Amino acid sequence: MSASLAPECNEIKERYDTCFLKWYSEKYLRGNSAQDECAGLFKQYRSCLNKALKEKGIDQMIEEARETTAETDAEHLKR
Amino acid sequence: MVKAYAQEHVYKHPWEIVTSASWRKFADPENKRTLSHVLDVDTLNHKLDAESGKLYTTRAITIHAPGPWFVRKIVGQDICHCVESTVVDGQSRSMQLTTRNISLQKFIEVEERIRYDPHPDNPRGWTMCKQETSIRIKPLSALASMAEKVEQRCAERFLQNSVKGREVMERICKYLESESRGITF
């Protein structure tokens, strides 16, 4: 699995990534995606990551980037 | 000054396999060796829209981007943080990724868009990949006087990385197909 920018989160990240890849191929692509089965793992992983992002000082940068990209992405997918 | 270019590639694999491969691109040791410029990948956000069935994901990607010594002197670092936003529309079978740098923005703006759609000539079996990249050195930055040179160097590096990316994708697609033989989507 790819490394996290927060090494302390690597383990939970790997569990989440594995869950996501399985869910994507076996459920989402077959139209059975009503439940987001990996939500619990993601929550744990994200809270581990939040700490590290803050410490590295890039949490603000990322929030701003996410806000500006959401709209333009929706526009482009319409094409 | 902006350097922009577009590329197209046909994957002779179904859209489901290609998009699954895209999610796996930065994982596993062999791929990591090929795509050694990608240091870290983290999922920041992940949302499934129950009504539209669209999957929205945001990831933070850390890239090792060493420039020539004269760029390194000005920019001061070899690491670039990027954000990749992805929308997968499972119902209409379309996936789009947009990656932008969020650090080094006072020097450079890079945006790369990739789309994966079923190939019009063979929608069940092939996938069309369209990629558009734009590189812009900020006009008032310390790099502005050598903008053209730096943009050219970046473009060359990106093209090299695209080739590696496609290699990795083809490798994963073949692996996924051999795994799923007998299972139809």
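Contact is taken here to mean heavy atoms within 4.5 Å. The model is predicted, so local features need pLDDT of at least 70 and side-chain atom pairs count only at pLDDT 80 or more, whereas totals for chains, interfaces and linings use all residues. Residues are numbered from 1 along each chain as its sequence is written, chains are lettered from A and ligands numbered from 1 in the order in which they are written, and side-chain values use heavy atoms, with hydrogens and water left out.

Cys9(A) is found in the segment before α1 (10-26) of chain A; helices are DSSP runs (H or I, at least four residues), numbered from the N terminus. With a relative accessibility of 0%, Cys9(A) counts as buried, a term that denotes under 20% relative accessible area with a 1.4 Å probe and protein chains only. Leaving aside residues up to four places away in sequence, Cys9(A) touches Ser4(A), Tyr45(A), Cys48(A) and Leu49(A).

One of these neighbours is also a bonded partner: Cys9(A) and Cys48(A) form a disulfide with sulfur atoms 2.0 Å apart, the criterion being a pair of cysteine sulfur atoms within 2.5 Å. The torsion about this S-S bond is about -95°, so the disulfide is left-handed. Because Cys9(A) lies in the segment before α1 and Cys48(A) in helix α2 of chain A, the pair ties together parts 39 residues apart in sequence.

A further disulfide joins Cys19(A) to Cys38(A), at 2.1 Å from S to S. This link is left-handed too, with -90° about the S-S bond. Cys19(A) belongs to helix α1 and Cys38(A) to the loop between α1 and α2 of chain A, so parts 19 residues apart in sequence are tied together. Both Cys19(A) and Cys38(A) are buried. Counting bonded cysteines along the chain, the disulfides of chain A follow the pattern 1-4, 2-3. In chain B, Cys82(B) is in no disulfide, and the nearest cysteine sulfur, that of Cys80(B), is 4.1 Å away.

The two chains also meet at an interface, where 35 residues of chain A are in contact with 43 residues of chain B. Chain A and chain B bury about 3500 Å² between them, 59% of it on carbon and sulfur atoms; buried area is the accessible area (1.4 Å probe) that two parts lose on being put together, summed over both. On the side of chain A that touches chain B, α1, α2 (39-56) and α3 (59-78) each supply at least two residues. The largest share, nine residues, comes from α3(A).

Notes
Buried means under 20% relative accessible area, exposed over 50%, partly exposed in between (1.4 Å probe, protein chains only).
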